[in-house]
Amino acid sequence: MKSIIYISAIFSLLMNINLSAQNRANLIYGELGGNGLFYSINYERVLHKNFRIKAGISYVNLIEKGTNYKQDLITFPITASYLYPLGSKGHILEAGLGVMFLVSNGNIAEYTPSTDLFPNITSILAYRYEKPTSRYSFKIGLTPFLGMKS
């Protein structure tokens, strides 16, 4: 059990990487891992020099082997982040909080199909590199969340 927890933590750390095409006030990017669980497509808006909000969406279809039970998972992460410059131009520490709504539809966990909405508190602690003259940025970090019942 401990090895599964460590592998999950390492996976979350390594897979929260994104490249973005940016226009100084708006970013649209794909993210692996992160606040959308497996992946997400995100829109990020710069509200102030160091303050940003992000909204995203992801979809995953799971099928249990042997029983062919299916589960659809749709996530909607919404976060607000503050960016702290780390001295050199482009090096940034990002800290943020938000909510990730998880919509679950299917019957893997139960015998009868059901649809549930689960709000989850999520956070961001990441290193970002945004070269001022480039269209691309890079981010790697931790995005833990606290699951809640519907």
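Of the 150 residues in the chain, 31% are buried, where buried denotes under 20% relative accessible area, exposed over 50%, and partly exposed the range in between, for a 1.4 Å probe and protein chains only. The model is predicted: local features require a pLDDT of at least 70, side-chain atom pairs count only at pLDDT 80 or more, and totals for chains, interfaces and linings use all residues. Residues are numbered from 1 along each chain as its sequence is written, and side-chain values use heavy atoms, with hydrogens and water left out.

The confidence of the prediction is expressed as pLDDT, the predictor's score for each residue on a scale from 0 to 100. The chain averages a pLDDT of 78, and 77% of the residues score at least 70. Over residues 1-17, however, the pLDDT is below 50, and beyond near neighbours in sequence this stretch has 21 contacts in the model; a contact means heavy atoms within 4.5 Å. Where pLDDT is low, the predicted coordinates should not be read in detail.

The chain contains one helix and nine strands. These elements are DSSP runs numbered from the N terminus, helices being H or I over at least four residues and strands being E over at least two. From the N terminus on, their order is α-β-β-β-β-β-β-β-β-β. Among contacts in the chain with a separation of 6 or more, 46% are between residues 24 or more positions apart. The chain exposes about 9,300 Å², of which carbon and sulfur atoms supply 69%; the areas come from the Shrake-Rupley method with a 1.4 Å probe, and for residues only the protein chains shown count as cover.

Strand β2 (residues 26-32) runs antiparallel to strand β3 (residues 39-48), and seven bridges join them; strands are said to pair if DSSP finds at least two bridges between them. Within this pairing, L27 stands opposite E44 in β3. The hairpin of β2 and β3 has six residues between the strands, and G33 in the turn has a positive phi of about 70°. Strand β3 also pairs with strand β4 (residues 51-63) in the antiparallel sense, over seven bridges. Two residues lie between β3 and β4 in their hairpin, and H48 stands opposite F51 in β4.

The loop between β2 and β3 includes N35. N35 is buried, with a relative accessible area of 2%. Leaving aside neighbours within four places in sequence, N35 is in contact with residues including K54, M100, S123 and T143. The C-alpha atoms of N35 and T143 are separated by 5.9 Å, although the two residues are 108 residues apart along the chain. A polar atom of the N35 side chain lies 3.5 Å from the backbone oxygen of S123.

Charged side chains form a further set of links. Side chains of opposite charge can pair when their charged atoms come close. The structure holds eight salt bridges, each defined by a side-chain nitrogen of Lys or Arg within 4 Å of a carboxyl oxygen of Asp or Glu. In one of these, the side chains of K54 and E31 meet at 3.3 Å, N to O. K54 lies in strand β4 and E31 in strand β2, so the pair ties together parts that are 23 residues apart in sequence. K54 counts as buried at 3% relative accessibility, as does E31 at 1%.

Another salt bridge joins the side chains of E130 and R52 at 2.8 Å, N to O. This pair links distant parts of the chain, with E130 in strand β7 (residues 114-130) and R52 in strand β4, 78 residues apart. Both E130 and R52 are buried.

The side chains of K139 and E94 likewise meet in a salt bridge, at 3.6 Å, N to O. K139 lies in strand β8 (residues 137-142) and E94 in strand β6 (residues 91-106), 45 residues apart. K139 is buried, with a relative accessible area of 2%, and E94 is buried at 1%. Salt bridges that share partners join E31, E44, R52, K54, E94, R128, E130 and K139 into one network.

Not counting residues up to four places away in sequence, E94 touches S81, Y82, L83, I124, L125, A126, R128 and K139.

How values were computed:
A polar contact is a pair of N or O atoms within 3.5 Å; within protein, one must be able to donate a hydrogen and the other to accept it, and residues adjacent in sequence count only if both atoms are side-chain atoms.
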